[in-house]
Amino acid sequence: MRILIIEDDREAATWLSKALKEAGHVSELAGNGEEGLHQASTARFDVMIVDRMMPRLDGLEMLKRLRADGNDTPALILSALGQVDDRVEGLRSGGDDYLSKPYAISELLARIEVLARRRRPEDAETRIVVGDLELDRLSHTVKRDGKAIPLQPREYRLLEYLMRNAGKVVTRTMLLEEVWDYHFDPQTNVIDVHVSRLRGKIDKDFGHQMLQTVRGAGYILRPAQDS
Amino acid sequence: MQRLRTILAITAVRLSIAYSLIFGLVAVIIVMYLTGSTVGIIRRQIQDSINTEVADLSTVYERGGINGLMRVLERNASAPGANIYIVSDPTGNIVAANILDIESGVINHEGWTNHPFAYTRHQDNGARTWTAMARVVELPNGMRMLVGRDLGDPERFRAIVGRALFLALAAMLALGVLTWFVVGRRALKRLDLVSKSTARILAGDHRERLPLSGAGDEFDRLSARLNGMLDRIHLLDDGLKQVSDNIAHDLKTPLTRLRNKADTALSEARSTDEMRAALGEVIADTDQIIKTFNALLMISRVESGSAVTGLSSLDLTAIIKDVAELYVPVAEDEGFATRVEIAEGLRVTGSRELLAQALSNLVENAMKYGRDPARKPLLSIAAKTEGRNIRICIGDNGPGIAEPDREKVTERFTRLEKSRTLPGNGLGLSLVRAVAVLHEGSLELSDAKPGLAACILLPSEGGNR
């Protein structure tokens with residue numbers, strides 16, 4: 001992926017760019033909001049990572065201008081502020097996701113993968129198919145290998161999110177944000193318990209384990225042929 | 001002198017001096033005006049009576065001539081408190097008089113004497129000079145007659161009024177001075193006490209309070225208010241001090257652990273894998289410290305009310321159900337029996353995110369600390385309307401919290417002895433309380449018999465109608 005990093009802290013930007021390179025991405029650096037605005041409007045990127053607080057033109061203002069110009073490159077806002085309202089403000093300014101510093105690089109990588117896909121108008125799809133797993137968004141039913149699997153509403157949403165992002169790592173925080181709409185950090189392993197219950201329903205009676213745990217990162221839903 | 005200046009610096013004293021001066025001045029003016037007009041009235045009365053008598057005497061002269069007049073004068077003069085009568089020849093030599101002597105020349109001017117004149121009396125053989133006013137008339141035969149009246153009455157009146165005025169002013173002055181002395185000195189003393197107390201507070205004795213006299217006057221009211229303010233400041237200050245002490249202490253421990261881990265890795269790790277593992281631990285520890293900082297920041301932002309800009313009308317039932325649904329499977333996996341009783345249609349004005357976080361803190365606490373090895377653990381989540389409030393209770397059947405500790409555990413970083421070994425930062429309940437207070441509610445910890453019941457009370461939306 002081609003990623004634009006807009007970050008005034010050179011050290012943080014270099015570190016991030018190195019981490020992205022290791023993950024197989026190409027990145028460009030912009031040292032402030034004005035540069036970022038220029039680069040984002042002149043070249044095409046899959047995702048931009050925007051630091052919120054920058055001199056001259058701050059991240060949110062820059063995003064507002066970009067969005068006003070019709071630029072819809074998905075943006076992940078990075079910020080030292082991580083409270084409810086900061087997040088809401090960030091998303092209102094045109095950000096697509098919000099991550100507070102410090103963050104684990106695995107969390108950031110998982111999020112930009114998901115962000116880059118978000119551009120496609122897949123929300124209109126009524127059926128999502130991953131391997132032999134099938135989810136019907138109209139009837140809210142799930143089948144694996146043609147066998148109906150009854151799910152609780154929350155389990156259904158959890159699976160839907162995992163299926164929409166099949167083949168990509170999703171972190172526990174992402175699940176908590178997307179499926180439960182909670183932005184705080186539970187002390188206990190709540191997500192693990194829910195994922196494991198879901199796994200019990202979709203994987204238990206089948207040979208291939210689709211819902212896999214990625215150590216130190218989160219979960220990934222993989223169709224059989226990928227493994 | 002210094003003391004006088006201090007007394008004069010008191011507003012009450014300055015005001016009373018100003019009032020006394022104005023009052024005194026007005027009193028003097030009124031008295032002078034009254035005296036002046038009263039004396040004038042008395043003089044006019046004297047003139048009238050003299051005029052009448054002169055007219056009578058003129059008639060007597062016309063009828064009986066000089067001899068008749070002399071007879072009548074003699075009779076009049078012998079009456080008690082008689083007027084002054086003098087008859088002189090045309091050159092001014094006194095022929096007859098009922099007084100000893102008179103200021104020279106008075107008899108030579110016909111008409112009213114221009115000013116009070118002096119005379120002496122037979123009674124005291126001229127030892128004293130008296131004053132009088134009189135009218136001189138020339139008789140048809142060229143002789144002169146003077147009819148006068150002693151001015152003792154108006155003069156005496158003037159003197160009496162003057163003395164009374166003097167006494168009154170003197171009394172007023174004395175009373176004023178006495179009042180200043182009592183009131184001013186009292187005020188000064190009270191102010192002295194207040195200022196001494198303030199000095200002690202400034203010097204660092206934060207338990208010192210301003211003295212109350214018990215009189216319930218404005219001084220007491222002011223002192224009571226100031227004391228209330230000091231109490232509040234003291235409380236906040238204590239909280240702040242405790243927080244910074246605790247922060248220092250609670251952050252030093254993980255930082256030391258962090259440093260030790262790095263140190264050990266540096267000196268002992270042989271392979272890259274060992275280094276990697278150690279670094280992983282270091283990062284995990286650092287994240288924990290940052291989480292603690294974030295939690296602290298969050299609490300202070302919630303407490304200051306800046307965590308959320310807009311509170312909205314919320315379906316509280318759904319919020320509690322979501323939290324229950326998130327945690328019940330976890331609790332069941334950990335061997336808890338669960339009981340969930342959430343009333344339908346509960347609504348509050350607030351922040352979904354903060355309420356959910358507060359509830360999840362309580363549920364996590366119940367799961368973490370609510371275990372008693374003697375019983376099968378129980379997690380209960382209940383919510384119902386209670387009057388105008390909504391009561392949300394998270395209960396367990398664990399060891400509970402002893403009564404004296406219940407207030408303490410909501411303070412930042414408080415961790416009770418028996419729970420210190422469990423992971424946690426001692427900030428969970430502080431946030432819950434802050435969230436409850438932000439929603440104009442409260443956090444109540446009580447005995448669930450057995451276990452702890454942690455209840456959030458929130459004002460029900462529309463409940464205050």
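## A loop residue in chain B

B:Glu440 is found in the loop between helix H8 (428-438) and E13 of chain B. The model described here is predicted. The phi of B:Glu440 is near 60°, which is a positive value in a residue other than glycine. Most residues other than glycine have a negative phi. B:Glu440 counts as partly exposed, because 14 other C-beta atoms lie within 10 Å, and a residue must have 20 or more to be called buried or 12 or fewer to be called exposed.

## The loop between E13 and E14

A further loop of chain B runs between strand E13 (442-447) and strand E14 (452-459), and B:Pro450 has its place there. B:Lys449 lies in the loop between E13 and E14 as well. The peptide bond from B:Lys449 to B:Pro450 is cis, with omega near -5°. Most peptide bonds are trans.

B:Lys449 also has a positive phi, of about 50°, although it is not a glycine. Is B:Lys449 buried or exposed? B:Lys449 counts as exposed because it has 9 C-beta neighbours inside 10 Å, and the limit for that class is 12 or fewer.

## Chain B as a whole

Chain B contains eight helices and 14 strands. The chain has 465 residues, of which 25% count as buried. Contacts in chain B between residues at least 6 apart in sequence can be sorted by separation: 60% of them join residues at least 24 apart.

## The sheet of chain A

Chain A holds an open sheet of five strands in the order E2-E1-E3-E4-E5, with parallel pairing. Which strands are at the edges? They are strand E2 (26-30) and strand E5 (97-100) of chain A, and each pairs on one side only. On average, neighbouring strands of this sheet are turned by 20° against each other, direction ignored.

One pair can be followed in more detail. Strand E4 (residues 75-79) of chain A runs parallel to E5(A), and four bridges join the two. A:Ile77 has A:Tyr98 in E5(A) as its bridge partner.

## Helices across the sheet

Helix H1 (residues 10-22) of chain A lies across strand E1 (2-6), E2 and strand E3 (47-51) of chain A, and runs at about 165° to E2(A). Helix H2 (residues 33-42) of chain A lies across E1, E2 and E3 of chain A, and its angle to E1(A) is about 160°.

## Helix H8 of chain A

Helix H8 (residues 190-202) of chain A has 13 residues. From its first C-alpha to its last, H8(A) reaches 19 Å, close to the 18 Å expected at 1.5 Å a residue.

Which residues of H8(A) are buried? They are A:Val190, A:Ile191, A:His194, A:Val195, A:Leu198 and A:Ile202. Seen down the axis of H8(A), the buried residues fall within an arc of 125°, so they line one face of the helix. An α-helix has 3.6 residues a turn, so residues three or four places apart point the same way.

## Where the chains touch

Contact between the two chains involves 18 residues of chain A and 23 residues of chain B. On the side of chain A that touches chain B, the elements that give two or more residues are helix H4 (84-92) and H8 of chain A. H8(A) gives the most, with four residues. By class, this side of chain A has eight nonpolar, six polar and four charged residues.

Conventions: Residues are numbered from 1 along each chain as its sequence is written. Chains are lettered from A and ligands numbered from 1 in the order in which they are written. This is a predicted model: local features need pLDDT of at least 70, side-chain atom pairs count only at pLDDT 80 or more; totals for chains, interfaces and linings use all residues. Two strands pair if DSSP finds at least two bridges between them. Axes are lines fitted to C-alpha atoms, for helices over the stretch in contact, and angles run from 0 to 180 degrees between N-to-C directions. Two residues are in contact if their C-beta atoms, placed from the backbone, lie within 7 Å. The expected span of a helix is 1.5 Å times one less than its number of residues. The arc is that of the directions from the helix axis to the C-beta atoms. Ala, Val, Leu, Ile, Met, Phe, Trp, Tyr, Cys and Pro count as nonpolar, Asp, Glu, Lys and Arg as charged, and the others, Gly among them, as polar.
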